[in-house]
Amino acid sequence: MNTRLNVTADTPVADVVAAVEDWVATHVPERWRAAAAEGPAALRAVRSPDEYRAWYPTFAHSGLVVPTWPPEYGGLGLDPEVARAVERVLAPLRLTRLNPLGLNNAAAALFSHGTEEQRRRFLPPIVRNEEVWCQLFSEPGAGSDLASLATRAVRDGDDWVVTGQKVWTTWADVADFAILLARTDPDAPKHAGITYFALDMHQPGVTVRPLRQITGEAEFNEVFLDGARIPDAYRIGAVNDGWRVSASTLSSERQMVSGSGSGGMGRLGGSSAERLIEVAKANGRWDDPVVRTKVMRLWAQERIRAWTNERVRQALSAGQTPGPASSIGKVHQATLNQQIQDLMVDLLGTAALAWEPSENPDALPREVHGMLRSLANSTEGGTTDINKNILGERVLGLPKEPDPWKAKPWKDIPRS
């Protein structure tokens, strides 16, 4: 069945909206639409993750997953204002974009620094969720100070041979490709000797080891690279210019974990402030003025976060870079989400303190899972402290901390 939306960049907004409404009525299962009208909880009850993944190609082939992308990359080529009108139609259905690290992080680098051949090769499978991506940046000795990374890539004819270790890699266990930062010139200063690559994860020399979380899941992984090979055609940007290329990816990652990118809130986990109101009313705590004050303070903060994220989206739609706003959103959201989840378990009382032991992470009460998962919010996407440094330097104009090793060769810098 052809599910492609028959619109172009020249189609009037009203006609695009009508076409999307017709597409929804034709291709979105009726019981999903009925449940969506009742709210998120009803929709989750009738649409399992496996069922959604099986249906997802219908969504991807429509062009609606990335409506502003050019058609040759899997989008519709729509103006950002038209795309926002489209999103308003789709919003009640909660059609989460799968493959967020591909759609956000990898795509950002490909659009900014990739070749046309690379974009045509990688972007359409990303949209269709046929090739899942992960991000091989952080290392055991290079997390907050990412530019000190030690994974090496050595040129061997038309290939690069990569050796090293990465850690805290989300979805590496299911990924087909990875965006990779590797050191290609140890004699250069640490920011200047890094190159950006796309790595095929399904090859000898790539070993993935899951890291078990407090929630019982293994969402993060460590990855060992032992002679893995990358064709030079999969190098994104110039040799030794990887730090500049990574800026687009890191900014997109901050947007994603602040809730402003595709799949953002799904990574943070937990309940919303609206859910706090529901729980407080259901268990009789809403009558307590102190509880109401706490809940509404967080509800107001959620609105502020949404407006900040909208500013980021507007800047991107206008062809601007998100700049410090992505760091503002990241810092704000990390703290806010943790406060919401803490209050949620407080509202639940003893129901959040104990539960039947199980090997299945899904057996953990949703609210407790959200609280435990939120502990990672201040670390993922760049630590909160590092993002505060960015805001101090780029927004407040504060001087950078002295660096006695600035401009020194990476190989001479002490490492842990």
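In this predicted model, helix α6 (residues 100–113) and helix α7 (residues 116–127) have axes that come within 10 Å and cross at roughly 165°. Here axes are lines fitted to C-alpha atoms, for helices over the stretch in contact, with angles from 0 to 180 degrees between N-to-C directions. That crossing makes α6 roughly antiparallel to α7, a label for angles over 145 degrees. From α6, the residues G102, L103, A106, A107, L110 and F111 make the contact, meeting Q118, R119, F122, L123, I126 and V127 of α7; contact means heavy atoms within 4.5 Å. Helices (H or I, at least four residues) and strands (E, at least two) are DSSP runs, numbered from the N terminus.

Now for the strands, which pair if DSSP finds at least two bridges between them.

| Strand pair | Bridges | Direction |
|---|---|---|
| β2 (residues 152–156) and β3 (residues 159–166) | five bridges | antiparallel |
| β3 and β7 (residues 220–231) | eight bridges | antiparallel |

Opposite D156 you will find D159 in β3. The hairpin of β2 and β3 has two residues between the strands, and G157 takes a positive phi near 65° there. On the β7 side, K166 stands opposite V223.

A note on reading this: residues are numbered from 1 along each chain as its sequence is written, and side-chain values use heavy atoms, leaving out hydrogens and water. As the model is predicted, local features need pLDDT of at least 70 and side-chain atom pairs count only at pLDDT 80 or more, while totals for chains, interfaces and linings use all residues.

Note on methods: Parallel < 35°, antiparallel > 145°, perpendicular 65-115°, else oblique.
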